[in-house]
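Hi everyone, thanks for making time. Let me put the structure up on the screen so that we can walk through it together.

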Amino acid sequence: MLDSAVLLLNHNFEPLALCSVRRAIVLVWSGKAEVIRQSRQSIRTVSRRYAVPEVIRLLMFVKISRGFNIPLTRRNIMRRDGQVCQYCGRSEANMTIDHIIPRSQGGRDTWENMVCACSLCNSRKGNRPPERAGMRLLRTPRKPNVMSILFAAKEPLAEAWRTYLNLF
């Protein structure tokens with residue numbers, strides 16, 4: 001339970017990160033954050049019972065660098081595409097990364113040229129652009145924003161977070 005995720009908001013209610021319940025409690029107890037929303041679960045100590053926070057807010061504003069660069073990695077491409085083949089829509093355990101324009105034809109390693117693909121679609125497409133292989137992408141690949149990568153890696157979003165994330 002202490003490793004469960006808690007949404008950490010900046011002083012202006014902008015989402016900053018996810019942290020563990022343990023970290024959230026330390027921030028609250030040290031006077032650096034306040035609890036905005038708490039769950040029905042609780043943690044018991046010898047003498048007291050504390051509600052487990054779901055959303056906390058920092059009491060001081062933290063300036064965020066908007067120039068944060070998300071690294072182009074296999075894991076981040078899989079996160080961006082949700083482990084779903086961008087050609088057929090299937091999801092399987094062993095997904096591959098496909099270059100839309102093959103590297104042999106001048107394709108580069110960029111967010112816009114790499115997608116998650118099942119091994120069947122990847123081998124069917126081969127060393128050709130999707131149009132020549134008679135295939136279409138389900139959606140156009142783009143560079144993801146920080147929040148989408150951050151929250152794609154976690155368990156399903158808690159209802160308490162939806163108000164602050166502006167994702168839905």
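Before we start, one term: a residue counts as buried when its relative accessible area is under 20%. Please also keep in mind that this is a predicted model.

With that cut-off in hand, look at strand S6, residues 114-118. How many of the 5 residues of S6 are buried? The answer is 5 of the 5, so the strand is largely enclosed by the rest of the structure. As a reminder, side chains in a regular strand alternate between the two faces of the sheet.

Now let's step across to the partner of S6. Strands S5 and S6 run antiparallel and are joined by 5 bridges. Within S5, which spans residues 95-99, please find Asp98. Its bridge partner in S6 is Val115.

Is Asp98 buried or exposed? Asp98 has a relative accessible area of 4%, and because that is under 20%, it is buried. What does its side chain make a polar contact with? The partner is the side chain of Lys125, at 3.4 Å. Leaving aside residues up to four places away in sequence, Asp98 also touches several others, among them Tyr87, Asn113, Met114 and Asn122.

Let's turn to another part of the model, the open sheet. Four strands make it up, in the order S2-S1-S4-S3, and the pairing is mixed. S2 and S3 are the edge strands, each pairing on one side only. On average, neighbouring strands here are turned by 30 degrees against each other, ignoring direction. In the pairing of S1 with S4, the two run parallel and 3 bridges join them. Leu8 stands opposite Ile56 of S4.

Across S1, S2, S3 and S4 lies helix H1, which runs at about 80 degrees to S4.

Notes:
Residues numbered from 1 in each chain as written. Predicted model: local features only at pLDDT ≥ 70, side-chain atom pairs only at ≥ 80, totals over all residues. Heavy atoms only, no water. Buried < 20%, exposed > 50% of the residue type's maximum accessible area, 1.4 Å probe, protein only. Polar contact = N/O pair within 3.5 Å; in protein donor to acceptor, adjacent residues only side chain to side chain. Contact = heavy atoms within 4.5 Å. Pairing = 2+ DSSP bridges. Axes fitted to C-alpha atoms, helices over the stretch in contact; angles between N-to-C directions.
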